[in-house]
Amino acid sequence: WITSYDHQPKRYSVGFLGSTAEDDRRRIADMLRAVYDDLRLATTAIPTDEDRSQEGRRSRDDYYRELQQCRIVLSLPGAGLDTFRFWENCACNAVHIAPEMPLFIPNDFLRGVHIKRFSPRLETLRTQIDEILEDDCGSKETIIANRHHLTQHHLTTSRAAQFLNQIHKTFIAA
């Protein structure tokens, strides 16, 4: 579904579409708004049991189309570190930036090859964004490597094979 919007013209430098509270997501969004004028940042309140459909939230189709209009897509942890957004952003035709996270991911994305990572210091994020926006050729290589790595190692079929292999090693080969 996401790749069906690969042809979208790149209208925005950086994109993040998601909910924020008074948290790191808000702090990062505010910093980006102060520095860049061509962002696609759409932040909404966090949905609650009483109000699942917050004002300004997009349909999945609109969400994917708008992300594909960004040269850079930003993954920011929310209620947890491993969010659905991380995997959606890997499928976008854009450079994917995410913070350093203490997650174990089999066949993890390599920093500087498939994905850009930033430390908690916001200056690191800003420096990486500026470098990406200045180097379009290197960005294309990263985008291609990111999507290839996603399709080779992180689609459902690959993850199922990894799980079955681990079960085999643990219970049968032991």
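A residue is called buried under 20% relative accessible area, exposed over 50%, and partly exposed in between, with a 1.4 Å probe and protein chains only as cover. This is a predicted model, in which local features need pLDDT of at least 70 and side-chain atom pairs count only at pLDDT 80 or more, whereas totals for chains, interfaces and linings use all residues. Residues are numbered from 1 along each chain as its sequence is written, and side-chain values use heavy atoms, with hydrogens and water left out.

In soluble globular proteins, nonpolar side chains tend to be buried together. A nonpolar core is here a set of buried Ala, Val, Leu, Ile, Met, Phe, Trp, Tyr and Cys residues joined through side-chain atoms within 4.5 Å. The largest such core has 22 residues, of which Leu67, Val73, Phe86, Trp87, Cys92, Phe109 and Leu150 touch the most other members. Two or more residues each come from strand E1 (12-19), H2, strand E3 (70-74) and helix H3 (84-91), and H3 gives the most, with four residues. Helices (H or I, at least four residues) and strands (E, at least two) are DSSP runs, numbered from the N terminus.

From the core we turn to the charged pairs. A salt bridge is a side-chain nitrogen of Lys or Arg within 4 Å of a carboxyl oxygen of Asp or Glu, and by this rule there are eight salt bridges. In one of them, Asp62 and Arg65 meet at 2.5 Å, N to O; the two are three residues apart in helix H2 (residues 60-67), and therefore separated by about one helical turn. Asp62 is partly exposed at 28%, and Arg65 is also partly exposed, at 25%. Another salt bridge joins Arg111 to Glu100 at 2.3 Å, N to O.

Glu141 lies in helix H5 (residues 136-153) and is exposed, with a relative accessible area of 55%.
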